[in-house]
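Let's take a short tour of this protein. Please have a look at the fold below, and then we can go through some of its details together.

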Amino acid sequence: RIVHYADSRHIAVYHKGRWYKVFMFYKDHLLEPCELQLQLDEIIRDSTPPAYGEEHLAALTAGERTLWAEARETYFRSGVNRFALEAIEKAAFVLVLDEEEFEVGTNMSGKLDNYAHAILHGKAYNRWFDKSFTFVVSKNAVFGFNVEHSWADAPISGHMVEYVLSDDIMHFGYDELGNTCGTPRFTALKPIKLKWNISENCNAMIEKSLAQATKLYNDVDLHVYVQDVYGKGLMKKFKLSPDAYIQMALQLAHYRDSGHFNLTYEASMTRLFRDGRTETVRSCSIESSAWVLAMEDRTVSREERARLLRAACDYHQHQYRDAMSGKGIDRHLFCLYVLSKFLNLDSPFLHQVLQEPWKLSTSQTPTIYDDKRLSRFIAEKPQLAEKVGLSRLKCISSAGGGFGPVAADGYGVSYIIASEDLIFFHISSNKSSPETDSTRFGQHIKQAMQDMRELLEEQTSSADSSKGEKKSLIDSSSADASS
C-alpha cells in the first residue's frame, strides 16, 4: 500500500549501521541548518555499535515483498520494533550518511559508474527503498538521491532536488571550515538512537532478503556515458528537436548493438491533465527504421539519409505532442486491459500487445535551473562561487539519474541534456544477459552521435554553398540589368 501521512516533524538518519530519529522542529520552530548540524554531529561522534540485526535491517525493503510482509507481521507489530519502524516510516524522508567517498564529474573514469551504482542500489541494506525518497551524502560531501517511483515521476523529485541544492549553497551556505552558517538560537533536542529487538529468526529473514537483493544488484551492469563533444546547441543549429535527435541516435545505436529493431519506450509527461502521470512515445517507428537502414546502406546518398533523419525527427515530435495531449496509445490500451480483467473478458489482442517486451526503455531527466539566480549569486558572492566552482560554469549542471532495464535482455537508458554542450547517458542492463553490454552500448551512442553530426554538417554546408551561389547569380543579374 502507498501510505500518506499528513505531516512529519522528523527525519530518519542511517549512519554506520545505526538508525536515528532526528527532529526538524523545536517548540514549533523549524530548525536552521546550524541547529540541524548539532544533531548530525552527535550521530557522527556516536561510537556505539548497531544492535543485533540493525545494520542489515533495510535489506527487508530490497528483497522479495512477501518475505518483508511476513517479517513485518511477525516481528514488527508491537514493542520497540514497532516504535522504531514507525519512526522510519513516518519520517519526512531518510538521510543516509555514507562512509564511502564518491566522485562525480564529466570525465569518463569508472568512478562515475561506481557513484551511479551506489546511488541506484547501494549495498541493498543502506537504503530504505520503501520511502518516497532517500538523500545520500558521502563522506566527502557528494550528494545522491534515491527515489521510489510509484508516488511521483522524475520531474517532481528533480525539481525538489534542484531547489534543495541551490538553496543549500546560494542561500544558507557554509563557512571556510565547512560548517553551516549562523548561530543556534537554542539547544535543540538530541537525536534518538532507535532501539531494536531482533530475534535470530527475524535476523535470518533479514539475511535471506539481503542475499536476494545482493544477487539482484550484482547483476546490474550500469555505465554512465558522457557526451561532451557537442550537445543541444548544435542540434538546434541543425533545426532539430534535441530530444528527437537523441532518440534517433539511440535507435541507430541499438540497431548496431543488437542487429534488429525492437519496441522502444520513451516516457512522456501528461501533466496537462489533473493527476496526469506518463504516456508512452514509441520511438521505434517506420520513419526511424527507414533512416537507420539508410545509414547502414552504402548505396543510399547522404542527402537522402539527411532527409530521412529529418522526417524521423518530425514524426517523433508529432508522437510526443500526441502523447502529451492525451492522444497516446499505451495508457488507453492499459485502461482497456484493466476493464477486461474487471469484466472477466478474455482479449487475445490485449494479451498480445501488452506482453511485448520493451527491449529499449528510455527517459529524459528534465532540468529547470534558475540561471538568473546563479548569475546574481556569482556577482554578490564571487569568492564563495569560485570556491564551489560555480563561477567557472555558464550554468549549474546535473548528471541526472537512471533506472534499471525493463526487459531481462534489454537496456534502460536515461539521459539528461545538462547544458548546451553536455549530455549524460545512464545505461543499464543485466550482466546475466549475453545480448547486452552497457559500456558497448555507450560506445555505439558515441559513434551514432558522431555519424549524425558529420551527416548534418555536410548537408548544412552544402545548403549554405547553394544559397551563396544563388545569391551571386542574383547579384550578377542585377548588375547586368543596371548596366
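Helices (H or I, at least four residues) and strands (E, at least two) are DSSP runs, numbered from the N terminus. H149 lies in the loop between strand 7 (143-147) and helix 5 (154-172), and an unreviewed UniProt entry places the feature "active site" at H149; such annotations may be inferred rather than shown by experiment.

This is a predicted model, in which local features need pLDDT of at least 70 and side-chain atom pairs count only at pLDDT 80 or more, while totals for chains, interfaces and linings use all residues. Residues are numbered from 1 along each chain as its sequence is written, and side-chain values use heavy atoms, leaving out hydrogens and water.

Another loop, between strand 5 (94-97) and helix 4 (110-120), holds D98. D98 counts as buried because its relative accessibility is 8% (buried means under 20% relative accessible area, exposed over 50%, partly exposed in between, with a 1.4 Å probe and protein chains only).

Now to the charged pairs: the whole structure has 25 salt bridges (a side-chain nitrogen of Lys or Arg within 4 Å of a carboxyl oxygen of Asp or Glu). Here are some of them.

| Pair | N to O distance |
|---|---|
| R18 and D46 | 3.8 Å |
| R82 and E86 | 3.4 Å |
| R453 and E457 | 3.1 Å |

R18, in strand 2 (residues 18-23), and D46, in the loop between helix 1 (33-45) and helix 2 (65-75), are 28 residues apart, and both are buried. R82 and E86 are four residues apart in helix 3 (residues 79-89), so about one helical turn separates them. E457 and R453 likewise sit four residues apart, in helix 15 (residues 438-482).
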